[in-house]
Amino acid sequence: MTEDRDGIVVHWRPMCPYCMKLRLRLRFSKLPYTEVNIWRDPEAAAYVRSVADGNETVPTVSVAGHALVNPSLEEIERAVAEYAPHLLPGGR
């Protein structure tokens, strides 16, 4: 899965400290999301390259089809509020 038109997809790879930090913060955020390891999914790696100027920059997050390259949790929360408010805790 490379993107979800209604949800959040976190593209990551092993040993990436930025991925580890963001994934940990997301776990505590209560936002629902799916994780995809780009080293195990060539289609996901191609998606990341397509939105990151040809690079495999991770984490890359898709929020309701909108790509965010190396975002902070705050940037993801803003994108969720704008593009997928149904995902906010409490259905805000």
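Me: Where does Pro59 lie?
Reply: This is a predicted model, in which local features need pLDDT of at least 70, side-chain atom pairs count only at pLDDT 80 or more, and totals for chains, interfaces and linings use all residues. Residues are numbered from 1 along each chain as its sequence is written, and side-chain values use heavy atoms, with hydrogens and water left out. Helices (H or I, at least four residues) and strands (E, at least two) are DSSP runs, numbered from the N terminus. In these terms, Pro59 is in the loop between H2 and E3.

Me: Which residue does a cis peptide bond join to Pro59?
Reply: The omega angle of this bond is about 0°. The residue joined to Pro59 by the cis bond is Val58.

Me: Is Asp53 buried or exposed?
Reply: Asp53 belongs to the loop between H2 and E3, and its phi is positive, near 55°, in a residue other than glycine. Buried means under 20% relative accessible area, exposed over 50%, and partly exposed in between, with a 1.4 Å probe and protein chains only. Asp53 has a relative accessible area of 77%, so it is exposed.

Me: Which residues does Thr57 touch, leaving out those up to four places away in sequence?
Reply: Thr57 is found in the loop between H2 and E3 and is partly exposed at 28% relative accessible area. Contact means heavy atoms within 4.5 Å. With residues up to four places away left out, Thr57 touches Val48, Ala52, Val69 and Asn70.

Me: What is the relative accessible area of Asn70?
Reply: Asn70 lies in the loop between E4 and helix H3 (73–83). Its phi is near 50°, a positive value in a residue other than glycine. Asn70 counts as partly exposed because its relative accessible area is 38%.

Me: Which strands are included in what covers the buried residues of H2?
Reply: In helix H2 (residues 42–51), the buried residues are Ala44, Ala45, Tyr47 and Val48. They cover an arc of only 160° around the axis, so they sit on the same side of H2; the arc is that of the directions from the helix axis to the C-beta atoms. The face turned away from that buried side carries the exposed residues Pro42, Glu43 and Ser50. The cover over the buried residues includes strand E1 (8–12), strand E2 (34–37), strand E3 (60–63) and E4.

Me: How many Å separate the C-alpha atoms of His66 and Gly7?
Reply: His66 has its place in strand E4 (residues 66–69) and is partly exposed at 34% relative accessibility. Not counting residues up to four places away in sequence, His66 touches Val61 and Tyr83. His66 and Gly7 are 59 residues apart along the chain, and their C-alpha atoms are separated by 10.0 Å.

Me: What is the radius of gyration of the protein?
Reply: The protein has 3 helices and 4 strands, which follow the pattern β-α-β-α-β-β-α along the sequence. The radius is taken over C-alpha atoms, and the globule rule is 2.2 Å times the number of residues to the power 0.38. For 92 residues that rule gives 12 Å, and the protein is as compact as a globular protein of that length because its own radius of gyration is close to this, at 12 Å.

Me: What percentage of the 92 residues is buried?
Reply: The C-alpha trace spans about 35 × 25 × 20 Å along its principal axes. Within the protein, the buried share of the 92 residues is 42%.
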